[in-house]
Amino acid sequence: MPKTRPPVHSLVLIDASQAVPLWRQIYEQIRAAISSGRLAAGVRLPASRALASDLVVSRNSVTAAYAQLRAEGYLVQRGRVGTFVATLAPDRVEMGARAPRARSKTAHTVATRRQLSRVAAMAMTAAERRPRGDRGLPVPFRIGDPAIDVFPVRVWSRLVARSWRNGRVPLGYLDPAGSRTLREAIAEYLSGSRGVRCEWQQVFIVSGTQQAVDLAIRLVLSPGDAVWIEDPCYSGARSAIDASGLTAVSVPVDGEGISVDDGLRLEPKARGVYVTPSHQFPLGAVMSVSRRMALLGWAASADAWIIEDDYDSEFRYASRPLPSLQGLDEQGRVIYVGTFSKTLFPGLRVGYLVSPPGLVDAFQAAFALGGRYASADAQLVVTEFITEGHFERHLRRMRALYAARQAALLTYAQGQLSEWLDVSPSAAGLHLIGWIRDRGSSAAKIIERAAEAGVELRALSHYTQRMPKHDAILLGYAAFTPAVMEAATRRLRGALAGRRASGARARA
Ligand SMILES: Cc1ncc(COP(=O)(O)O)c(C=O)c1O
């Protein structure tokens, strides 16, 4: 007898009394049905109108759910034929499951390094790649800074004053893992917005991503262990990995994120991986569902750990933010890391780490030895900023502002810099990529000229292990008003055009 499949509407149970929006209920249940195999690859979904009528909801709720599932790669639209469950590249999943598998500058520093442990000496070398000192106010087009110019300072200072006035700032020692109310607020936020599955006890308060990555790798990996990193890779994570005496193995990324096949080819015995699945840094790819499943399958079979850096996923402009990789993890292999550096302000130095259930005791012990990272008053104000609704409001405002700032930069860059850079829009994040048009021209020269014009640029090659065949310039926009960006673009154009003119004179 042919096996009959349950109709899609029977897999979705709508509860209108819940606070969770209807579109989200539909989206989550279809996603769960696909992940668990109840909805198989290739199955055609009912038309949005038909499903809406079966579920007695508005058609908008169904189209919003379908759009989000398409954006995440769970569904594909085949022209006018209909919407189908995507093929999750099972070969890749199986492959993942099968394969376990300075020198000193001065006499002073030479003397100091001799006195250090081997790991500390490596840390000093790795730290040479990191910026030092106070970065000061953002300079166009430096990447990584959020819009601190419009941060709601009045709301924040009101909360600070109120918490001190009311005597609610705890003046004694807090739990080394952080204040319980903040951990609860973060757990709730992450579960609603990022699809992270955790109890508050799994959330640890840190002073930012940098510290979270550093702690995580020290907890689960030992010096000498190999770790896959993305190529290109966030330099902060790379330096932390190098500094811990681990062997970083650069694995290429493509439009679907890190290539698990390449990772297995380059270092089959890796014990960990650092990834930015929601928005690959700095190229921007969203890790596909098949890659996510392959990575999770590999980690489970290789007894390896995945560090998921979810640094700026709140800022997506075309569709809703994508859920985390952690939310798909059934085996407890993902250590999830997030930060308020982009969503609030980097000087705050508050972030969070979500431990897999099996590592909670180990993290608790590590925090008991070195914890209490964020101050009690900062933790209280962040908690109240979230629980009183300011955080959601701020994120909504910032999404609209960043979309507008990106559009402004795009207009100026395409109008003024198109001879040098090929800049196209981005669906997410806080920077754009300008591919260098003349492949013979070096990013270093462009950056040097820009610096003379008071413009700060970074090359893609700064983040890559191997020199890329095609280099690019990263252009941050979130921290700059359109007027500042327009003036900076003009100065940059002048500087680049001057270079060309003086180059031509020199050749003549
Ligand atoms: C990939 C990535 N992760 C994390 C961060 C933020 O780090 P932190 O939380 O230490 O400020 C950044 C900042 O630029 C980043 O680019």
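Reader: How much space lies in the second largest pocket?
Author: This is a predicted model, where local features need pLDDT of at least 70, side-chain atom pairs need 80 or more, and totals for chains, interfaces and linings use all residues. Numbering runs from 1 along each chain as its sequence is written, and side-chain values use heavy atoms, without hydrogens or water. A pocket is an open set of points on a 1 Å grid over the protein atoms alone, where a 1.4 Å probe fits, with protein on both sides within 12 Å along at least five of seven lines. Counted as the space filled by probe spheres set on the points, joined across faces, edges and corners, the second largest pocket holds about 600 Å³.

Reader: Which residues lie nearest the centre of the second largest pocket?
Author: The lining has 26 residues, each with an atom within 4 Å of a grid point. Nearest the centre are W23, R24, G192, S193 and R320.

Reader: Which element gives the most to the lining of the second largest pocket?
Author: Helices here are DSSP runs (H or I) of at least four residues, numbered from the N terminus. Helix 2 (22-35), helix 9 (180-194) and helix 16 (390-416) each give two or more residues. The top contributor, with five residues, is helix 9.

Reader: How far does a polar side-chain atom of K342 lie from an oxygen atom of the ligand?
Author: Polar contacts here are N or O pairs within 3.5 Å. For the K342 side chain, the distance is 2.7 Å.

Reader: What share of the ligand's accessible area does the protein cover?
Author: Accessible area comes from the Shrake-Rupley method with a 1.4 Å probe. On its own, the ligand has 400 Å² of it. The protein covers 90%.

Reader: What is phi of R349?
Author: R349 belongs to the ligand shell. It sits in the loop between strand 10 (334-339) and strand 11 (351-354), strands being DSSP E runs of at least two residues. Its phi is positive, though R349 is not glycine. The value is near 55 degrees.

Reader: What is omega of the peptide bond that joins F281 and P282?
Author: F281 is another residue of the ligand shell. Its bond to P282 is cis, and P282 lies in the loop between strand 8 (272-275) and helix 13 (289-302). Omega is about 5 degrees.

Technical notes. Near = heavy atom within 4 Å. Polar contact = N/O pair within 3.5 Å; in protein donor to acceptor, adjacent residues only side chain to side chain.
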